[in-house]
Amino acid sequence: MNERAAKQNAVTELMRISPVADELAARFAKAGRSLFLVGGSVRDALLGRLTQSGETDLDFTTDAHPEQVLKLVSSWADAVWEVGIAFGTVGVTKQGSTLEITTFRADSYDRVGRNPEVTFGDTIEEDLLRRDFTVNAMAIDLSTKKFVDPHDGMGALSRRELDTPAAPQESFADDPLRMLRAARFVAQLELEPAARVVEAMTEMAAEIKRITAERVQAELSKLMLGVRPRAGIELMVRTGLAEHMLPEVPGMRLAIDEHHQHKDVYEHSLTVLEQAIDLESLHEPTSGPDLVLRLAALLHDIGKPATRKFEPGGGVSFHHHEVVGAKMARKRLRALKYSKEITEQVAQLVYLHLRFHGYGKGEWTDSAVRRYVTDAGELLPRLHKLVRADCTTRNRRKAAALQRTYDDLEERIARIAAEEDLARVRPDLDGNEIMRLLGLPPGPLVGKAWKHLKEIRLERGPLDHDEAVTELRKWAADQGLEPPEPA
């Protein structure tokens with residue numbers, strides 16, 4: 001398909017996806033104002049990535065100032081919000097679509113923070129020049145349905161190239177978050193950064209420290225959920241950007257993998273990430289990208305540099321690196337302002353990822369299998385994937401043996417689960433019955449008794465009621481308690 005046809009197809013697709021754009025354009029035209037579709041929606045139309053659902057997020061730019069935009073949309077939109085109006089943006093919802101309409105901008109930055117001193121521009125060309133990348137600096141004039149592409153964003157897409165409209169040093173000085181966005185687009189859109197973009201990122205990596213942790217986290221999450229996160233991470237590490245936001249990842253380059261089959265633990269971790277992505281739909285065929293699993297795969301070995309020990313004979317060990325790694329993962333994810341739930345889930349997966357290697361050739365007792373399942377809890381499907389992904393040996397026989405062993409473990413889990421309802425392991429007596437049998441009020445002792453009975457449940461499997469009562473009375477005697485005589 002030639003360039004002209006591709007542009008026309010993009011226009012047609014955007015109009016089909018969002019007929020509200022035509023309605024909105026007519027209102028602006030009647031008022032003598034221009035309106036352009038701009039940014040990611042134009043890019044995604046060219047890439048064939050637009051959503052096929054009725055709900056679409058679209059960005060517009062216009063020569064109308066915010067107060068004029070408000071007048072034009074207030075009686076037409078289903079809802080209007082003014083949160084971004086200080087930056088020239090009016091938000092609108094209409095027929096299930098979310099629209100943002102921003103006045104042409106010609107911003108200047110103080111280059112200390114990242115918020116611009118908002119200056120409204122006069123032309124679409126001026127507005128597109130200030131945008132982050134050429135692939136996002138394309139627009140459609142809604143009054144004429146003409147494609148506007150002054151920086152050859154179309155050509156960049158066809159070349160799979162990521163470049164900036166202005167000099168990258170100027171662009172990144174204005175907004176350092178654009179460096180991380182570059183890595184995100186590499187991962188998300190499978191673009192390759194232009195040499196001058198890589199050079200500028202390398203020179204200016206430390207500027208990312210001007211950006212808040214919340215904004216860094218949002219971009220990192222999008223990168224991790226991309227189709228090729230490894231490429232984005234490698235760009236971050238290669239340019240030094242990762243040193244200032246996720247230093248534990250480049251730090252893994254210092255540790256040689258104990259199997260001596262990878263350049264270093266960093267390379268091993270990237271391979272595990274790729275293999276975990278391949279396994280994402282194993283247990284949930286309809287699920288999308290899994291941020292928790294991907295973060296755990298990337299970070300599962302970050303404790304190795306701190307625990308590395310050279311053994312006699314040339315070996316290398318990393319004893320308890322899963323314990324140290326879990327603490328490091330928790331600390332880093334908290335610093336990046338991830339939610340408590342994501343932080344704890346990733347840290348727990350890092351902590352548990354080595355547990356399977358004690359399984360040997362099936363030597364675990366049923367008790368050990370129960371504990372594995374109980375400790376993993378709702379993370380068990382993810383733990384299955386992480387453990388399988390962590391096998392990166394090039395020795396096919398060894399790899400096949402490990403997979404067979406894990407198959408055996410999963411089969412045992414399924415068998416015991418079917419027999420004992422492992423997902424809901426509880427003591428054979430509940431708290432109320434413990435209090436009644438021991439004559440105790442609610443308090444810490446009841447909790448201790450409950451935990452004791454749960455340990456027995458994990459060790460021996462389900463007990464009948466009389467056995468559970470006997471065990472409870474034995475525990476009470478050991479604690480110096482005198483429970484009432486049974487009625």
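**Exercise 1. Sort the residues that line the largest cavity of this predicted model into nonpolar, polar and charged.**

Solution. 
Step 1. The lining divides into five nonpolar, two polar and two charged residues.
Step 2. Now name them. Phe-356, His-357, Val-387, Arg-388, Asp-390, Cys-391, Leu-402, Gln-403 and Tyr-406 form the lining.

**Exercise 2. Find which elements give two or more residues to the lining of the largest cavity.**

Solution. 
Step 1. Count the cavities. The structure holds one of 30 Å³ or more.
Step 2. Take its volume. About 70 Å³ of space lies in the largest cavity.
Step 3. Look for the elements. Helix H19 (380-389) and helix H20 (396-420) each give two or more residues to the lining.
Step 4. Pick the main contributor. H20 supplies the largest share, three residues.

**Exercise 3. Describe the largest nonpolar core and say which members touch the most others.**

Solution. 
Step 1. Start with the count. This core has 109 residues.
Step 2. Phe-60 and Tyr-372 touch the most other members.
Step 3. Find the main source. Helix H8 (residues 177-189) provides nine residues, the largest share of this core.
Step 4. Check for another core. One of 16 residues lies apart, and Ile-434, Ala-449, Leu-453 and Ala-468 are among its members.

**Exercise 4. List what Phe-60 contacts, leaving aside its neighbours within four places in sequence.**

Solution. 
Step 1. Go on along the sequence.

Technical notes:
Residues are numbered from 1 along each chain as its sequence is written. This is a predicted model: local features need pLDDT of at least 70, side-chain atom pairs count only at pLDDT 80 or more; totals for chains, interfaces and linings use all residues. Side-chain values use heavy atoms; hydrogens and water are left out. A nonpolar core is a set of buried Ala, Val, Leu, Ile, Met, Phe, Trp, Tyr and Cys residues joined through side-chain atoms within 4.5 Å. Buried means under 20% relative accessible area, exposed over 50%, partly exposed in between (1.4 Å probe, protein chains only). Helices (H or I, at least four residues) and strands (E, at least two) are DSSP runs, numbered from the N terminus. Contact means heavy atoms within 4.5 Å. On a 1 Å grid over the protein atoms alone, a cavity is a set of points where a 1.4 Å probe fits but cannot get out, and a pocket is an open set with protein on both sides within 12 Å along at least five of seven lines; lining residues have an atom within 4 Å of a point. Grid points are joined across faces, edges and corners, and a volume is the space filled by probe spheres set on the points. Ala, Val, Leu, Ile, Met, Phe, Trp, Tyr, Cys and Pro count as nonpolar, Asp, Glu, Lys and Arg as charged, and the others, Gly among them, as polar.
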